[in-house]
Structures are given as structure tokens and as C-alpha cells.
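Me: I am new to this structure and would like to learn how to read it. Please take me through it one feature at a time.

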Amino acid sequence: MAHHDTLLFDLDGTLSDPAVGICRSINHALARHGHAEIDPAGISAWIGPPLEQSFRQITGVQDDDHVRALIGAYRERYGDIGYAENTLYPGIPEALQALREAGLPLGLCTSKRADFAQRILALFGLQDLFGFVSGGDIGREKWQQIAELKSQGRVGPQALMVGDRAVDITAAHRNGLAAAGVLWGHGSREELQAQRPRHLLATPDELVRVLLAD
């Protein structure tokens, strides 16, 4: 039996591939506010980090009000249709079910706003597998979300973060937790290896095998 008191899962790039909806919603916001649109081929760079950081880097704009306006336009489209332009990774439902059946509590920790995350879980019928959803917002980073979950007693010192980007690994480590990187998402092997996760996993099946033996 695995010893982890909680498994914290990232959402985008870990449970599902949101590339289409995120790209179209980013470009909707950029066009609305007079910025050049991004190339869909480069969308992976903007999946995972907080939206506020992504818009600052894409546009070079540092004005807080303008960044908030971009985020507002993004959320307008994303909340209407973008959240559903999303594809569940093969094997994820079975992997989550196996972990739950083995007695492991699951939580979601995403930079995405919590209500959007809950709608995506419901879209794929996964909502009942998770004990809680921690979502991000403007000015709220993933390491702060994990710190809050720890302070609330919702995760203990043996929790493990599972995600596809460096931010997932560093957020866990900053809070003294272990982390596992997954290779089917939007982060590269090199990006993840550089953060020295406990595990680097190639498939959802491997995730189950490794975490149950951890």
C-alpha cells in the first residue's frame, strides 16, 4: 500500500489536454485588446503557468489593469465554450479509479480558477473521484495554494503532487512535498528532470504502478 496521505493532481496537461480551448481563448483576448495572436503550434508554453504570467510574457505588458482586462476577455470565452474544447488523456479515468480503490485520497490543485476546474471534472465525469479542488486566481500561485491546503490540514507531509510542468514540481518542493512529473502533457522531459521530481512517469498505467508501490 502506498504511504501518501493525499495525491494532488494538476489538471491541464495532466488529466486532460486543454490546448484548443486555451489557445482560442488567449487569441480571443489578444485580438480584443489589439495584440497579435499567438501561433497555436507554440501553445504548450502557456499551459500550466498562471494566466497572469502568460499574458505578461506574451504581450510584454506590465500594467496590472491591462493584464486584468486580458484575463477578463479570456475568461469570457473560456467560460462559454473554451473549457469544453478539451480532451481527456487515454487511461486517466481508469488510473484515478484504481488509485481511489486502493484507498488513496485525491485532490486537484490547478492554476485554473476553481469553478472552471470543477466544470471540466464534471464534463468528464471525474468530479466524484476528488475530495477537493484548489483553484488559482490573479496573484495566487500554485505554491501558495499548496501552502494553504497544508495550513488547513487538507494535505499532510506525505502528500505528493502530480503534474506535467516545472511549476508543479517547484510548488510541491517549496512546501516540503514530493512530486511526480508526467510526460504525456505539455512539459518536456528536460524541464521536468531539471526540477528533480521523485518520479518521472510515461503513461497513466505507470503512474498507478509506481505510486501504489511508492
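Me: What should I know before I start reading?

Reply: This is a predicted model, in which local features need pLDDT of at least 70 and side-chain atom pairs count only at pLDDT 80 or more, while totals for chains, interfaces and linings use all residues. Residues are numbered from 1 along each chain as its sequence is written, and side-chain values use heavy atoms, with hydrogens and water left out.

Me: How many helices and strands does the chain have?

Reply: Helices (H or I, at least four residues) and strands (E, at least two) are DSSP runs, numbered from the N terminus. The chain has nine helices and eight strands.

Me: What does the radius of gyration say about the chain?

Reply: The radius of gyration is taken over C-alpha atoms, and the globule rule is 2.2 Å times the number of residues to the power 0.38. For 214 residues, a compact globule would come near 17 Å, and the chain agrees because its value is 17 Å. The C-alpha trace spans about 55 × 30 × 30 Å along its principal axes.

Me: How do H1 and H2 cross?

Reply: Axes are lines fitted to C-alpha atoms, for helices over the stretch in contact, and angles run from 0 to 180 degrees between N-to-C directions. Angles under 35 degrees count as roughly parallel, over 145 as roughly antiparallel, 65 to 115 as roughly perpendicular and the rest as oblique. The axes of H1 (residues 19–32) and H2 (residues 51–59) come within 12 Å and cross at roughly 55 degrees, and the two helices are therefore oblique to each other.

Me: Which residues of H1 and H2 meet?

Reply: Contact means heavy atoms within 4.5 Å. From H1, Ile26, Ala29 and Leu30 meet Phe55, Ile58 and Thr59 of H2.

Me: Is Ser54 buried or exposed?

Reply: Buried means under 20% relative accessible area, exposed over 50%, partly exposed in between (1.4 Å probe, protein chains only). Ser54, which lies in helix H2, counts as buried because its relative accessibility is 3%. Apart from neighbours within four places in sequence, Ser54 is in contact with Trp46 and Pro49. Across the chain, buried residues make up 51% of the 214 residues.

Me: Where does Asn175 lie, and what does Asn175 touch?

Reply: Asn175 lies in the loop between helix H7 (166–174) and strand S7 (178–182). With a relative accessible area of 11%, Asn175 is buried. Not counting residues up to four places away in sequence, Asn175 touches Trp143, Ile146, Ala147 and Lys150. Of these, Ile146 is 29 residues from Asn175 in sequence and 7.0 Å away in space, C-alpha to C-alpha.
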